[in-house]
Amino acid sequence: MKTHFVRFLAVLLISALIVPALDAREPIYARKAMVVAEQDLATEVGVSVLRSGGNAVDAAVAVGLALAVTHPYAGNIGGGGFMLIRMADGRTTFIDFREKAPAAATHDMYLNANGVPTGDSVVGWRSAGVPGTVRGLALANKKYGREAWPELVKPAVALATNGFPVSKWQMDSWRRSSPLLSQFPESKRTFLKGGAYYDWQEIFKQPELARTLDRIAHLGAADFYDGETAHILAAEMAKNGGLITLADLQNYQAVERTPLEGDYQGYHIISSPPPSSGGLGLLQMLAMLNGTGYDKSGAGSALSYHYMAEAMRRYFADRSKYLGDPDFVNIPISALLAPAYVDSRRATIRPDRATPAEQIAPGLTAANEGTNTTHYSIVDQEGNAVAVTYTLNNGYGSGVTVPGAGFLLNDEMDDFAAKPGGPNMFGLVQGESNAIAPGKRPLSSMTPTIILKDGKPFLVLGAPGGPVIITSMLQVILNVIDFGMNAQDAIDFPRIHDQWKPDRLDTESTVSPDTVAQLRHMGYQTQTADPNEKARVEVILISAGWLQGAVDGRGGGGKAEGY
Ligand code: DON
């Protein structure tokens with residue numbers, strides 16, 4: 001009896017010590033439908049569209065437009081992205097509304113006379129690709145939605161007209177980005193209040209953007225690509241040395257592509273095809289990990305991170321050489337996913353030792369060669385699922401706000417290899433397949449993904465973060481499928497990132513020091529991950545009759561809401 005009591009006390013004491021460390025956040029649960037986005041008001045717009053009879057695609061359109069108002073860091077009409085749709089009747093599609101290089105773009109446009117990259121691909125008028133968002137959302141609405149377009153634009157018009165209270169994160173973010181935004185008078189006036197700055201809870205209104213959105217509500221995408229907005233944008237481009245012309249806007253089309261699909265442990269993965277590099281990456285890395293026993297030491301073990309990092313290195317080496325815009329380059333997708341090829345890559349992984357980056361090269365033989373974004377996930381009552389990632393590239397994109405039209409322009413041209421073989425803003429080394437050419441789309445890491453179990457949506461996810469998107473999503477998927485975590489635990493779990501070059505393994509500060517020490521012992525050059533380079537994965541997981549919505553705590557906010 002006495003020993004029992006002592007044991008009981010010991011357990012109490014131990015629980016008191018460990019419970020705070022295990023104080024996990026719960027996902028948001030709902031029965032019928034769920035919206036997860038990086039900004040609360042945009043999530044609420046999505047839920048109200050669903051409640052009033054719209055489907056997940058309608059909600060995705062309205063959330064995309066609302067984020068363009070309430071999350072100017074990444075939400076946009078001046079950028080581009082991808083929408084992955086899986087309708088409850090089994091139809092799938094991938095809407096590619098990625099920006100395109102303007103007709104006047106050239107291979108070496110960002111190199112100076114000595115062949116050294118200038119900063120022009122990252123900041124200012126010349127860094128912008130032809131925006132695709134409005135065309136992409138309009139296409140989604142027309143083909144897969146059922147609500148009238150103006151109804152879906154209205155909430156965004158109202159948010160821009162009436163304004164909304166500035167969050168703490170938004171207030172800080174504008175201050176942090178002031179070196180970029182204050183270079184452009186219209187951005188300084190719009191977002192920095194001319195240098196006086198918006199305060200926490202102050203109401204932020206955007207009358208120019210409201211007028212632009214109102215025209216888009218009434219005239220559709222035609223206004224942005226051929227109407228008043230197009231004319232304003234083209235005139236400002238000409239005035240400021242930018243490349244985008246009225247003809248570039250008129251010629252821009254969003255396109256539907258066939259998603260990439262594959263299987264892992266009985267789950268069916270539907271993901272993003274090129275010009276996203278992510279779907280191929282996920283499928284190749286999952287196949288490479290399959291059968292390695294990477295998971296036998298448990299989540300968070302040095303062994304599991306080691307195998308993941310080795311798969312990441314091999315995939316990013318392939319990415320550097322073979323991937324680009326499928327309308328311009330021949331991408332050997334089936335060769336890169338062929339079981340024999342993946343087996344040969346896996347066979348070079350040593351169980352106890354890191355393979356240095358210089359010993360890894362893009363792996364196909366000649367014979368078989370053939371900082372900002374935002375993600376949201378939506379599932380509706382009928383079981384339609386939508387995953388959208390869209391972006392301005394950098395936070396606030398090029399820094400340029402179009403005078404008279406109130407929206408920020410992307411700096412997506414930096415996703416091209418300005419100098420093939422050299423690194424871009426994300427340190428990504430890329431080759432000729434992703435070199436600049438007129439009308440070409442730059443390669444992307446955005447990877448909206450939908451995973452099915454028994455033919456029904458199981459996981460809907462995606463993230464911003466550049467190359468970290470692909471490696472973070474891999475880990476979230478493994479955390480759910482192999483380690484049995486719920487949606488929130490799966491995204492909160494400590495992550496690593498490896499992109500082959502530089503030869504470095506980034507470990508989040510939450511990875512245990514023991515594990516980091518073991519990884520170093522195996523030969524990895526580790527570095528604590530830069531908090532600004534983390535992917536914020538937004539997830540819906542459907543299991544046992546419940547939808548779980550989870551927002552990534554690495555971000556500045558966001559909300560999962562369902563009913
Ligand atoms: O398409 C891409 O891969 C990049 N433009 C994404 C940029 C990004 O995710 C930055 N976000 N934090």
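1. In this predicted model, helices α5 and α9 are roughly antiparallel to each other, because the angle between them is about 170° and angles over 145 degrees fall in that class. Helix α5 covers residues 149-162 and helix α9 covers residues 207-219, and their axes are 8 Å apart.

2. The contact between these two helices draws on W149, P150, V153, A156, V157, A160 and T161 from α5. From α9 it involves P207, L209, A210, L213, D214, I216 and A217. Classified by residue type, the contact of α5 with α9 comprises 12 nonpolar residues, 1 polar residue and 1 charged residue.

3. The crossing of α13 past α17 is right-handed.

4. On the α13 side, the contact with α17 is formed by G278, G281, L282, M285, L286 and L289. On the α17 side, I470, M473, L474, I477 and L478 take part. The residues of this contact divide into 9 nonpolar and 2 polar, with no charged residue.

5. Which residues come nearest to the ligand? Of the 15 residues around the ligand, these are T373, E412, D415, S444 and S445. For D415, a polar side-chain atom is placed 2.5 Å from a nitrogen atom of the ligand.

6. Two further ligand distances involve oxygen atoms of the ligand. A polar side-chain atom of R98 lies 2.9 Å from a ligand oxygen atom. In the case of G465, a backbone N or O atom is found 2.7 Å from an oxygen atom of the ligand.

7. Cis peptide bonds deserve attention when the backbone is inspected. The bond from P274 to P275 is cis, with omega near 15°. P502 belongs to the loop between β14 (496-497) and β15 (505-507).

8. Where is Y197 found? Y197 sits in the loop between α8 (185-191) and β6 (203-204). Its phi is near 70°, which is a positive value in a residue other than glycine.

Notes: Residues numbered from 1 in each chain as written. Predicted model: local features only at pLDDT ≥ 70, side-chain atom pairs only at ≥ 80, totals over all residues. Heavy atoms only, no water. Left-handed = near helix turned anticlockwise from the far one by under 90°. Helix = DSSP H or I, 4+ residues; strand = E, 2+ residues; numbered from the N terminus. Contact = heavy atoms within 4.5 Å. Nonpolar A, V, L, I, M, F, W, Y, C, P; charged D, E, K, R; others polar. Near = heavy atom within 4 Å. Polar contact = N/O pair within 3.5 Å; in protein donor to acceptor, adjacent residues only side chain to side chain. Axes fitted to C-alpha atoms, helices over the stretch in contact; angles between N-to-C directions. Parallel < 35°, antiparallel > 145°, perpendicular 65-115°, else oblique.
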